[in-house]
Each structure stands twice: as C-alpha cells, then as structure tokens.
Protein chains: 2
Amino acid sequence: MVEFQTPHLDAVFHALSDPTRRAILHRLTEGERTVSELATPFNMSLAGASKHIKVLEGAGLVRRHVQGRTHYCQLEAARLAEAQEWLRTYERFWTTRLDDLEAILREEDRALARSSEQSTSSPAKSDKTSRSTK
Amino acid sequence: MVEFQTPHLDAVFHALSDPTRRAILHRLTEGERTVSELATPFNMSLAGASKHIKVLEGAGLVRRHVQGRTHYCQLEAARLAEAQEWLRTYERFWTTRLDDLEAILREEDRALARSSEQSTSSPAKSDKTSRSTK
DNA sequence: AATATATTAAACCAAATGGTTGACTATCGA
DNA sequence: TCGATAGTCAACCATTTGGTTTAATATATT
C-alpha cells in the first residue's frame, strides 16, 4: 500500500546476492564472454552456471547474442545504475558517520604528527573510506 | 575459487532484494522506529515483519536497542556503503560521460595503434576506461 | 494480582533457490 | 556423414525464503 513498485530492484538485488553471479559480472567487465568461458572458473556444472547467467539476464544485467552454437554474454549496466541510484538515497546516512570518523582520524593524525611529520594535510575521501572499511 | 570472499555483500544484497525490507529501511530514514511501528504499514502479521527486521539486522543494516518490552530499530548504513562501493566498480559501464570520453580515447588509441600493433579487434573496454577513471 | 501490550519463538507450509544429472538440439569441423 | 562441441531443458533434490498461526516471554498498566 505504502509501497513503491520497483520490480527491477527485486530482481537486480537478488541477482547480486549470489557471489557466483557477482563474479560472473566482474568477469564481464573484461569484455564479452561465452557461457562456457564464464562457467569454467567455477566448480560447477555448465548447466549450473547457465542458470546463473539466465538469472542475470532476467534481471537485465546481461545481454546475450547467439552466434552459431556459441552464446556471447555482455554486461548490461543500466540496471546496476538503478540499484546505485536507490542506494544513493541513503548516502547521507553514512557520509555523516564518515564525517564523525574523519574527526576521530584527524585526532589520531594530530597525535602522530607530534612525533613524526607525515601527510596530515588533505585527507581525501577515498582515504577515509578505505580506512573505515578495513 | 578464483573469487573474492565478500560474505557481507551476499547478506546485504539479499536483504535489499525484498520490497518489504527496502520499505522498512526507507521508513527508518525518518528516524528510529519500533518493531510494531515498522510492521503496521504492511499487510502482514507482526511476526512476519519481525522476521524481515531480523534479516535486515543480520545483514547489519539495522541496529536494535531494547528498552523494556519495546524494540527500537535504527538504520545502520555502513553496509549499504559497502554495497555502493561494489557497484561503483561498474559505474564506468553506464556513465555516458565516460562513454563520450571513451570515444575520445579510442581516437587516441587509434593514433597510437598506427605505430605499435595491439589487440584492436577485441573490445578491451577495461583498457580504455582504466584511463578514464584515473 | 490480573490483564493488556510488545515482541520473539516454534512449528508448519508452499514456493523459490542453487545445485545436480541425463537427455536433447544445434552447429562446427573432419 | 559422423563425431565432437556449445548450450539448453527437464526432472529431481535439499535448503532457504516468506509467510502463517499458535504459543511463550517479558514488561506495562490498572
């Protein structure tokens, strides 16, 4: 009732919830790959991998074009953009946290600076996140 | 086998794959809510909603503090940041600005290819974009 | 003390998921 | 034409999921 209808997101997030499928997507960033090529790295039957690919296809994350007996798969990122767009709504809820963390880290940096002169100047955002997620 | 272990992402993406759970998260952006408060908008038993909340909690997206008989839920966005971070890797595949840039780089590559022969046939998208994202 | 409220727990159910194997289809190469 | 190759399909299986209902637990309220 209060719901937003976002049928895509269901499928996209579900597709992304499996590590095999995420790995397949990652593999496809290197370029077009056949079904067999995508399947080989996994300790899984071809049919199994094929099913994963079909899930990705169903979620609109992979496009396929058949050439003879070979099925070429290609990353289709538009739906990933939709997912990220959804997540963007929540950005403010972690950026504020990172700002808090930044304050803490700046404090630490200040402490470190007392002994040895280091890069205390500009803590780039990437720095903060890389530290926090570790 | 060849893959990275990212146990969080499994749980986070799975949690996000359900519209009820996404709605709950959205609701929590307005502030702390009790389990009953979260449950009421849905045509679902309290126990059902409670289970959804537990899934979100298990994925680290919700924190709960109990006060008497009331359970207060709170959005915990850090894991959402991890999910977005994962998606960020794929940004270059949908950002049209970068696609435009890609055309420019391809032009440069063509100029370079005149002197040194490389794999111009296969679309080594990663090569082109690695330059653009830097 | 008795009762209402907030919430979880447990048992159950139908459907979906992630995987298998074996058969089938189509195409490529000799 | 024959056999290998690429891939799907269908049936099957165990587990998980999303939901229910009926207790059970703990805390408020009167």
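In this predicted model, 35 residues of chain A are in contact with 38 residues of chain B. The two chains bury about 3400 Å² between them, and 67% of that area lies on carbon and sulfur atoms. DNA strand C has 22 residues around it, among them Lys51(A) and Arg64(B).

**Relation of the two chains**

- Chain A is superposed on chain B by a rotation of 180° with 0.0 Å of shift along the axis, at an RMSD of 0.1 Å. This is the relation of a two-fold axis.
- Of the interface residues of chain A, 91% are also interface residues in chain B, so the copies meet through the same surface.

- Two salt bridges are counted between chain A and chain B.
- Arg22(A) forms a salt bridge with Asp10(B), and the closest N and O atoms of this pair are 2.7 Å apart.
- Six residue pairs, with both residues at pLDDT 80 or more, are in polar contact across the interface of chain A and chain B.

**Make-up of the side of chain A that touches chain B**

- At least two residues of this side are supplied by each of helix 1 (7–16), helix 2 (19–28), helix 5 (78–88) and helix 6 (91–115) of chain A.
- Helix 5 of chain A gives the largest share, seven residues.
- By class, the residues of this side of chain A are 20 nonpolar, seven polar and eight charged.

**Residues around DNA strand C**

- The residues that come nearest to DNA strand C are Lys51(A), His52(A), Ser36(B), Ser50(B) and Arg64(B).
- Of the atoms of DNA strand C that come within 4 Å of the protein, 70% belong to sugar and phosphate.
- The surface near DNA strand C consists of five nonpolar, ten polar and seven charged residues.

**Individual contacts with DNA strand C**

- Arg69(A) has a polar side-chain atom 3.2 Å from a base oxygen of DNA strand C.
- For Arg69(B), a polar side-chain atom lies 2.7 Å from a base oxygen of DNA strand C.
- His71(B) has a polar backbone atom 2.9 Å from a phosphate oxygen of DNA strand C.
- Two or more residues of the surface near DNA strand C come from each of these elements: helix 4 (46–58) of chain A, and helix 3 (35–39), helix 4 (46–58) and strand 3 (70–75) of chain B.

Methods:
Residues are numbered from 1 along each chain as its sequence is written. Chains are lettered from A and ligands numbered from 1 in the order in which they are written. Side-chain values use heavy atoms; hydrogens and water are left out. Copies are superposed by least squares on the C-alpha atoms of residues with pLDDT of at least 70 in both. Contact means heavy atoms within 4.5 Å. Buried area is the accessible area (1.4 Å probe) that two parts lose on being put together, summed over both. A salt bridge is a side-chain nitrogen of Lys or Arg within 4 Å of a carboxyl oxygen of Asp or Glu. A polar contact is a pair of N or O atoms within 3.5 Å; within protein, one must be able to donate a hydrogen and the other to accept it, and residues adjacent in sequence count only if both atoms are side-chain atoms. Helices (H or I, at least four residues) and strands (E, at least two) are DSSP runs, numbered from the N terminus. Ala, Val, Leu, Ile, Met, Phe, Trp, Tyr, Cys and Pro count as nonpolar, Asp, Glu, Lys and Arg as charged, and the others, Gly among them, as polar. A residue is near a molecule or strand if one of its heavy atoms lies within 4 Å of it.
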